[in-house]
Amino acid sequence: MIPDSAFALQGLVKRFDTKVAVDGVDLAVPAGSFFGLLGPNGAGKTTTLSMAVGLLRPDAGRALVLGHDVWRDPVRAKSLIGVMPDGVRLFDRLDGTELLTYQGLLRGMAPDVIDARVTELLDVLALTDAGRTLVIDYSAGMKKKIALACALLHAPRLLVLDEPFEAVDPVSGAAIRDILTRYVAGGGTVIFSSHVLEVVERLCTHVAIMANGRISAVGSLDEVRAGRTLEDAFVAVVGGRVSTGSELSWL
Amino acid sequence: MALTFARLKLRVLRNGFRGRPGKIVLFVVGLLAALFYGILTALFFLIPYVPNAPDWGAVVPAFGGAVLVLGWILMPLVWFGVDETLEPGRFALLPLPRPVLLRGLLIAALLGVPAFGTLLATSGLAIGAGVGGGPLPAVTAAVGVVLGLLLCVVASRAVTSGFARALRARRTRDMAAVLLAVLAASLGPLQFLLTSGAQQVGMQRLAPIADVLGWTPLAAPYVVGLDAVQGRWAAVAARLAITVVTILLLAWWWSSSLESAMAGTSGGGEVRTRTVTGAPVARFFGRARLPRTPYGAMVQRERRYWVRDVRRRASLITFTVIGVFLPVVMNLGPGAAGNVVAQSVNGGSMVLVGALAGLGIANQFGYDGTAYATHVVVGVSGRVELRARAVAYSWYIVPLLLALAVLNAVLRGDLLLLPVMFGTLFAAYGTGLACAMHASVWAAYALPENQNPFAINTGTGVAKSFLAMGAWFAGMVLAVPIVLLVVLGGSVGAVLALPVGLAYAAGAIWLGLITAGDILDHRQPELLATITPRT
């Protein structure tokens, strides 16, 4: 066991048919860190995180949550993490309160704890006004917030969030940022994937950049930036196309 | 333009096969089955034209055709769903005039195994007319066959999309309305089957019915061949006119419901902003006395979902209709009560319906779609999961089955049959449920995330629903010992039927639970992958 890493991925590999989506990912997320996983579309971020939380069986490698293997000892490992997957539906024919209560009961929490936390979470995330609206009728931002509430409800030691800031308006985004910052200050660990470099730069203590199924750069925020802006570092690592100014002249 | 749609459909079909040999195998099996039954039915349709045909041969086209058309209308509702490979909503942004789109979708719908099988089967009529009357009747019959196929396809599309629209509304009030409508709709064929069955079946009884059928759209396109052979050209013209008018009316209906499908109505969209009162957990369970555990939570959520989810609601409603229809027809046919044959038919119908009831959960994970990820992330135990789902489903189905048995006993005028019927019915429900549990773990498939509750992805969906049919069959076979006990056991068997049947069901469900549950524990991510729609 590596005591100071809350979350460790070792040699994760995933192939779909012939395409290698994730090609040997090693990652150690230090306890108490705010870890950003960056990468262009199709880099394998979602695949990696899905394998790390038990949603997708890896072809090789392991994922350890506070020393517990997600695939060998799933019950213990899964009780320690809160997950917000991306592109996955919720049980959206329940209303917000019902969904959170359901989540709490599934996690085996005591009814009185559930009552207190659900009310407070809905209040903090400004979802109380939605009342009995079914989650399927929520806006995209509201869905993100209720999904985050589901991940937070059982007070996990580690949060794994896939694209928590996508499709979220600035007000909700600020609320989510605030909650996550306080969670890390209280000793929790967060790993999340994102495209929004500005948010990553503001929040994260550590960053990893993925491209083509591999980790191309990893370290503390300052190590990865190495004096540049994060955007420059990202483009340099991923290798973007540089505009010459002559294309699309017909536009 | 129409050609473009045809090419698009074939391309989508082909891409769906890429890298999935299992799917290709199942497709070929389906094709071979269509070929086999198509040729068999075609030979059957030849009967009226062969020399020295039996006297019942004359009614074959009318009854056969009516069965075909009814099959096209009812089968998608009940069993297979509609192939929505080319989903209308996808064309919403393209500048296509409605008639062009309709024509394109129709052609895409014609390019499929069921349409091929139907054409093959009815081609027997045209061949027969040619043999019996020469080229002109053959051409006439061929026109009827083609029009009949068009009628089948348009009718099935129109009815499913109309039905889908009715079911889309969330309020339960609408569900009751739909239920009544469906029941009323099934009364017609019910009455017909009852009158024809209750009286002694004979030519003099069947001929008038065939005559009437021939003048309805159900059989009109299929009897023109006989008319032509006998030189009744006025009748030919009238029947073809009936068919064409029906096709046009149905196309108009389909076209009007197409608009709402393209607009992508988001399910009524009534936003209830009434505030929530009471403690969350107490509110979640309402008046249900369930344990405040993961198990209790899942039972309660499943119970809500069987009402709130359109697809599940549709499956409950269609089961209700078949459940009422099937045993009544089978039991009130010829042959009075008392003898072994009647007893077997009665037991058989109970087994059929009981196992079919269990089949409702054969794709229970597919209904949830990616929402099932919640359970994977939490790590719900497989046995608990399956038990909760079975209990929630039975909460709706068991009262329904009780009512069905009582209805049947009353119609037969013999309430003493009830214990025997309960015994067989629930034994079959138990075995059916156990088999369906395994099907739900092994053969789950993704349902497209659109609004049509009857839509399924072509290929995998249809193929996997064949596996579900296998589960139904297995459920029925496993329930045979109880039927044998009733039929061969005499008065002792009648007394023992209820307790033995219930114990048998309990045992089957228990075995299904522990075996399928343990498999589920090891298959959660794979299951999630199979029920995730590929977009």
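The legends below describe close-up views of a predicted model.

**Figure 1. Overview of chain A.** Chain A contains 9 helices and 10 strands. Of its 251 residues, 53% are buried. Among the contacts in chain A with a separation of 6 or more, 66% are accounted for by residues 24 or more positions apart.

Figure 2. Helix α6 covers residues 170-185 of chain A, 16 residues in total. The distance from its first C-alpha to its last is 22 Å, close to the 22 Å expected at 1.5 Å a residue. After α6(A) comes Gly187(A), which has a positive phi near 105°.

**Figure 3. The buried and exposed faces of helix α6 of chain A.** The buried residues in α6(A) are Ser172(A), Gly173(A), Ile176(A), Arg177(A), Ile179(A), Leu180(A), Tyr183(A) and Val184(A). They lie on the same side of α6(A) because the arc they cover around the axis is only 165°. Exposed residues Pro170(A), Val171(A), Arg182(A) and Ala185(A) are carried on the face turned away from the buried side of α6(A). The packing partners of the buried residues of α6(A) are helices and strands of chain A. The helices are α4 (111-124), α5 (140-152) and α7 (197-203). The strands are β3 (34-38), β7 (158-162) and β8 (189-194).

Figure 4. Leu197(A) belongs to helix α7 of chain A. Its relative accessible area is 15%, so Leu197(A) is buried, the limit being under 20%. With neighbours within four places in sequence left aside, Leu197(A) is in contact with Leu38(A), Leu230(A), Glu231(A) and Phe234(A). Leu197(A) and Leu230(A) are 33 residues apart along the chain, and their C-alpha atoms are separated by 6.9 Å.

**Figure 5. Two alanines of chain A with positive phi.** Most residues other than glycine have a negative phi. Ala126(A) has a positive phi, near 55°. The loop between α4 and α5 of chain A holds Ala126(A), which is exposed with a relative accessible area of 56%. For Ala226(A), phi is also positive, near 45°. Ala226(A) sits in the loop between α8 (221-225) and α9 (230-238) of chain A. Its relative accessibility is 55%, so Ala226(A) counts as exposed, for which the value must be over 50%.

**Figure 6. Two tilted aromatic pairs in chain B.** Over all chains, the count of aromatic pairs is 13. In one of them, the ring centres of Phe44(B) and Phe45(B) are 6.3 Å apart and the planes stand at 45°, so this pair is tilted. Phe44(B) is partly exposed, at 38% relative accessibility, whereas Phe45(B) is buried, with a relative accessible area of 1%. The ring centres of Trp306(B) and Tyr393(B) are 4.8 Å apart, with planes at 40°, so that pair is tilted too. Trp306(B) is in helix α12 (residues 294-308) of chain B and Tyr393(B) in helix α17 (residues 382-412) of chain B. This pair links distant parts of the chain, the two residues being 87 residues apart. Trp306(B) and Tyr393(B) are both buried.

**Figure 7. An aromatic cluster and two arginines placed over rings.** One aromatic cluster is formed by Phe91(A), Tyr102(A), Phe284(B), Phe285(B) and Tyr305(B). Over the ring of Tyr305(B) sits the charged end of Arg301(B), 4.9 Å from the ring centre. Over the ring of Trp395(B) sits the charged end of Arg303(B), at 3.9 Å from the ring centre.

**Figure 8. Surroundings of Arg239(B).** Arg239(B) is located in helix α10 (residues 233-263) of chain B. Its relative accessibility is 6%, so Arg239(B) counts as buried. The Arg239(B) side chain reaches the backbone oxygen of Gly214(B) at 2.8 Å. Apart from neighbours within four places in sequence, the residues in contact with Arg239(B) are Gly214(B), Trp215(B), Ala220(B), Val223(B), Val224(B) and Asp227(B).

Conventions:
Residues numbered from 1 in each chain as written. Chains lettered and ligands numbered in written order. Predicted model: local features only at pLDDT ≥ 70, side-chain atom pairs only at ≥ 80, totals over all residues. Heavy atoms only, no water. Helix = DSSP H or I, 4+ residues; strand = E, 2+ residues; numbered from the N terminus. Expected span 1.5 Å × (residues − 1). Buried < 20%, exposed > 50% of the residue type's maximum accessible area, 1.4 Å probe, protein only. Arc of directions from axis to C-beta. Contact = heavy atoms within 4.5 Å. Phe/Tyr/Trp six-rings, centres within 6.5 Å; stacked < 30°, edge-to-face > 60°. Lys NZ or Arg CZ within 6 Å of the ring centre and 35° of its normal. Polar contact = N/O pair within 3.5 Å; in protein donor to acceptor, adjacent residues only side chain to side chain.
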